[in-house]
Amino acid sequence: MMTPSLRILKDVTVADPEGRGLGKIAVIDIGSNTVRLVVYDAPTRLPIPMFNEKVQCALGLGLADTGKLNPEGVEMAVNALVRFVNLSRAMGVDHLEIVATAAVREAEDGPDFVRRIHALLNHEITVLSGEEEAKLAAYGLLSGTPDADGVIGDLGGGSLDLVVLNHGTFGEHATFPLGHLRLRDAAGGKPENAGKVIEGHLEGTSWMKKIKGRTLYAVGGSWRAIARIMIDQTHYPLHVIDNYTIEREEALRLLQLIGKMSSGSIAKIPGVPKKRVETLPYAAIALGVLLEQSGAAQVTFSGYGMREGQLLQCLPERLRRQDPLISASKTRNERTGRFRIKGREIRDWMEPLFPDITYEETRILYAACLLGDLGWNEHPDYRAEHAFYRILRIPFAGLTHPERALLAISIYVRYNGNSGDSLVRSVGALLSEDQIRWCDTVGLALRLAHTLSGSAPGILAQTHLRNEDNTLILGLPQSREAFVSEMVERRLKTLAKSLGEGKASAID
């Protein structure tokens with residue numbers, strides 16, 4: 001993985017002298033549209049939020065006309081910040097970062113607002129430059145998609161930030177006063193004028209032509225709302241926004257449709273926040289213009305952005321270098337496993353079944369081994385279903401949607417589910433027949449591993465699997481009484497059958 005060059009805003013790395021958990025880290029983001037608090041428990045590279053609350057203050061409303069922050073929004077923001085800081089203290093947060101973006105940065109009275117908050121809360125507020133905001137958003141994206149290649153667009157209420165990404169490294173970047181609130185003002189409240197406004201600002205970005213055939217990565221709350229509409233309209237089988245990808249022509253068709261919709265029509269769409277109804281057509285038009293001007297082949301929506309980029313700056317270098325999927329899976333295994341069997345022990349035991357495994361498959365296999373005991377405390381009749389949905393929707397970074405399906409179906413099979421069941425059929429459409437067979441093998445091998453070992457550590461390492469003369473052989477130590485049972489033999493035969501027609505099994 002190539003780490004992008006990013007100036008750390010200040011020395012905020014949380015101390016971790018003993019290499020254990022880092023405690024709780026909180027980020028308050030004072031945006032042009034919302035003020036949001038996210039609290040993370042930080043034992044892993046990209047922690048899952050423990051608490052997430054936002055208040056839509058619209059600080060940037062009217063900024064283009066008045067040059068000042070929205071007075072009503074200022075009072076709402078002050079109240080939200082007082083609540084958020086007090087909540088952080090009550091939650092025992094070890095480190096709190098407060099950052100402000102475009103509206104506060106550009107407003108005439110932005111410095112007065114910062115001084116007022118500092119005096120009230122006795123806490124530093126970092127006002128990000130346009131470049132810092134853009135690069136933090138890119139860094140957040142790269143935390144989950146380290147080889148991202150194309151351009152990231154981060155649409156807030158006050159600004160549109162663009163950063164070119166060349167297989168994980170930073171290229172050209174720019175910031176424009178084209179957030180969905182300011183774009184509405186600049187277009188005179190008429191969506192049909194928005195396209196020309198955006199095109200005028202993008203005239204100097206000749207480097208956008210380098211993106212042709214690559215990916216446009218969309219970040220920001222308004223674009224996430226648009227992703228939800230696209231998922232619903234296309235009957236897409238997986239309702240997860242992070243890494244949701246839609247091809248260029250289909251995206252343009254839907255964006256043009258949303259850009260022409262009235263507020264009343266948008267308000268009727270399930271899941272669209274009421275306070276985004278008025279500006280959603282402008283967000284759709286902005287994304288459509290970027291897609292057309294860049295020539296990108298597809299749009300990929302990201303659930304990670306500036307806040308996650310800011311969070312990562314607070315973590316030690318050793319955590320930043322970790323694979324986010326494996327790191328999160330290890331943490332989940334440690335917190336929910338029964339007897340703490342190591343995922344590496346299961347993976348090493350299963351490796352002879354996959355002689356030609358790719359790097360991408362190795363990651364998913366290792367994650368499946370780490371999460372293979374996830375449903376042990378569920379009712380036996382529902383373990384497969386609960387584990388399937390939990391894995392499919394788990395808020396882990398570093399997973400494409402096909403990879404989510406691979407992982408979820410493998411765990412479903414591990415708990416006696418069948419990959420042909422109607423429950424998994426729609427998600428299975430994201431995979432090829434060979435990939436479904438791969439899920440069967442992984443799931444059945446996990447089922448055998450946990451039966452053989454009782455999910456206790458150290459037992460699998462005393463045994464081994466090998467393929468020999470069209471036979472799957474389970475090798476056991478000389479003293480084998482603790483290893484052989486009718487269920488072990490039956491599950492070994494089932495695994496052998498999944499590996500190919502006529503495959504036999506034997507215990508050595």
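Let's start with E53, which counts as partly exposed at 22% relative accessibility. Here buried means under 20% relative accessible area, exposed means over 50%, and partly exposed is anything in between, using a 1.4 Å probe and protein chains only. Before going on, note that this is a predicted model, where local features need pLDDT of at least 70 and side-chain atom pairs count only at pLDDT 80 or more, while totals for chains, interfaces and linings use all residues. Residues are numbered from 1 along each chain as its sequence is written, and side-chain values use heavy atoms, with hydrogens and water left out.

So what does E53 pair up with? E53 forms a salt bridge with R83, and the closest N and O atoms sit 2.8 Å apart. The two come from distant parts of the chain: E53 belongs to strand β3 and R83 to helix α2 (residues 71–90), 30 residues apart. A salt bridge here is a side-chain nitrogen of Lys or Arg within 4 Å of a carboxyl oxygen of Asp or Glu. Helices (H or I, at least four residues) and strands (E, at least two) are DSSP runs, numbered from the N terminus.

How many salt bridges does the structure hold? There are 21 of them. The general idea is that side chains of opposite charge can pair when their charged atoms come close.

One of these pairs is K210 with E172, whose closest N and O atoms are 2.6 Å apart. K210 lies in the loop between α7 (191–201) and β9 (215–219), while E172 is in strand β8 (residues 169–176), so this pair ties together parts that are 38 residues apart in sequence. K210 is partly exposed at 49%, and E172 is partly exposed at 27%.

Another pair is D323 with R363, with 2.7 Å between the closest N and O atoms. This one also links distant parts of the chain, with D323 in the loop between α13 (317–320) and α14 (324–336) and R363 in helix α16 (residues 359–371), 40 residues apart.

Strands β1 and β2 make a hairpin, with three residues between them. Seven bridges join β1 (residues 24–30) to β2, and the two run antiparallel. For example, I30 has V35 in β2 as its bridge partner. On the rule used here, two strands pair if DSSP finds at least two bridges between them.

β2 also pairs with β3 (residues 49–56), again in the antiparallel sense and over seven bridges. There, Y40 stands opposite P49 in β3. How covered is β2 (residues 34–41)? Seven of its eight residues are buried. T34 lies in β2 and is buried, with a relative accessible area of 11%. Which residues does T34 touch, leaving aside its neighbours within four places in sequence? Its contacts (heavy atoms within 4.5 Å) are D29, K54, V55, Q56 and C57.

In general, a disulfide is a covalent bond between the sulfur atoms of two cysteines. Counted as a pair of cysteine sulfur atoms within 2.5 Å, the number of disulfides comes to zero.

C369 shows why a bond can be ruled out: the closest cysteine sulfur, in C439, is 13 Å from its own, too far for a bond. C369 is buried, at 2% relative accessibility.

Strands of a sheet pair through backbone hydrogen bonds, either parallel or antiparallel. β12 and β13 (residues 471–475) pair in the antiparallel sense, over five bridges. Where does R466 find its bridge partner? In β13, where that partner is I473.
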